[in-house]
Amino acid sequence: MKKSDVPQDKSNLKSSGFKELCYAVDEKGEYTTEKSTGWEPKTIALDNAMEDINERVALAKEKVARNETSPIEYYMELAKMDLPILASYVGMWQWRVKRHFKPKTFAKLSSKVLQKYADVFEITIEQLKNINNGN
Amino acid sequence: MEINFTHHQSAHCENGVVSNLMKFNGFEVSEPMVFGIGSGLLFCYLPFIKVNHAPAFTYRSMPGFIFNRFAKRVGVKIKREKFSNPKQAKARLDENLEKNNPVGLQVGVYNLTYFPDEYRFHFNAHNLVVYGKENDNYLISDPVMETVTTLTEGELEKVRFAKGALAPKGHMYYPIDFPKELQLEKAIVKGIKNTCKDMLAPVPIVGVKGIKTVAKQIRKWPKKKGVKVANHYLGQIVRMQEEIGTGGGGFRYIFAAFLQEASVVLKNEKLASMSKEMTEIGDLWRDFALDASRIYKNRSSKSDGYNNIATQLEVIADKEEVFFKTLKKVV
């Protein structure tokens, strides 16, 4: 890539006020660095990834409303986590966390276990029990 | 307290931390030099590891490997510490800062508040330098950022003790022993040979063979996985390839910069022409990303498009195969 070809496309990087560093060659063929505000192919990929997460969150929300899953799954998606990551944060086995997705099991959880989840998601137990609370 | 530490922005975090810590200790080593000697370049396809609900692709070697190999090859000793107790981790950090010693830290990205939201995933192998503390704020030199920044005690603890794959466990590291003079020649040759070996490894998910495997998979995705998932997977490849820190083209440009620098150190003209070739291969990776993005931009499922970019990948794989076979003989 030539230094003059380093893309300066619009991206969310720009609005956060930082540029990333790219390596490129100057007119003499010597390697140098150039700052870039973003590149469209990457921006689209990032936007799609964010959209995908938002869809997952919306879907989880609907499932909670239909009583098909517990709020834990909703908050997990909201925090961009998956089962292994969440299990690692709360310090429980994955199968145990998965069980807590069942609304019936969730309703019987002790406040100690609920607090663990609430701490990880940085919310109160009330918010954990009711996803429309404070959101 | 603030240590007199100079922040230089770099493309990649690990190279950047190493390069910046070396410069602090009086050794001028560029980012591409660290990357090349540490054999950072790689391609690896990890279908059994899911990142963000898609298979993992990586264009670089395992976190930590670059610094370890670099240190070993140039004769620098590094001290590494991990902690189970956050309080102890903080105490050791503060001790070092008081001794005027800036340290490297491995951290999770998700809670780095200064990153834009779409970069904040649960990725735990980011690196930064702490070079001081003012009241409750740690002074942070994050190599991918243009300028220095700060994190509160609470924020720093959170990122040092992020959980999930590659959890940092408070991982702190810094060089403790240096050679009188850096001898780069042998280290460069070792770094290059290692990279050639990795890229030509007889393993279907690693190096050139890994690229070919991915090309084959791409042809199958639209039918096997459906449009949505196939597009998501493609997006994942491009994101990993052009992630902040790759310097563009999946680290190929940084590697080309390294070869150019190496040709001067080793007085080897051939390495300079190899550098040019690597730049051209980097351009092919960029073209691949551009064409892949057209597919997921239009949410297209036309198998033509998928076949087309798969062919592009195969061309890249063939070129890299020839490239690394030649490079092995040049040094």
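I took two strands as paired if DSSP finds at least two bridges between them. Helices (H or I, at least four residues) and strands (E, at least two) are DSSP runs, numbered from the N terminus.

Conventions. I worked on a predicted model, in which local features need pLDDT of at least 70, side-chain atom pairs count only at pLDDT 80 or more, and totals for chains, interfaces and linings use all residues. Residues are numbered from 1 along each chain as its sequence is written, while chains are lettered from A and ligands numbered from 1 in the order in which they are written.

Strands of chain B. I found strand β4 (residues 103-107) of chain B joined to β8(B) by 2 bridges, the two running antiparallel, with B:L105 standing opposite B:M172. Strand β8 (residues 172-177) of chain B is also antiparallel to strand β3 (residues 77-81) of chain B, through 5 bridges, and there B:I78 has B:P175 as its bridge partner. I then looked at β1 (residues 41-51) and β2 (residues 54-60) of chain B, an antiparallel pair held by 6 bridges, in which B:V51 is partnered with B:A54. This hairpin has 2 residues between the strands, and B:N52 takes a positive phi near 55°.

Helix α7(B). I noted that this helix (residues 207-242) has 36 residues, yet its end C-alpha atoms are only 18 Å apart, against the 52 Å that a straight helix would reach; the expected span is 1.5 Å times one less than the number of residues. I located a bend of about 130° at B:K225, taken as the angle between axes fitted to the seven residues ending there and the seven starting there.

Domains of chain B. Counting residues as in contact if their C-beta atoms, placed from the backbone, lie within 7 Å, I get 10 residues from domain 1 and 11 residues from domain 2. Helix α2 (residues 31-37) of chain B gives the most to the domain 1 side, with 6 residues.

Chains A and B. Which chain gives how many residues to the contact? I recorded 31 residues from chain A and 39 residues from chain B. On the chain A side, α2(A) gives the most, with 10 residues.

Methods: Two residues are in contact if their C-beta atoms, placed from the backbone, lie within 7 Å.
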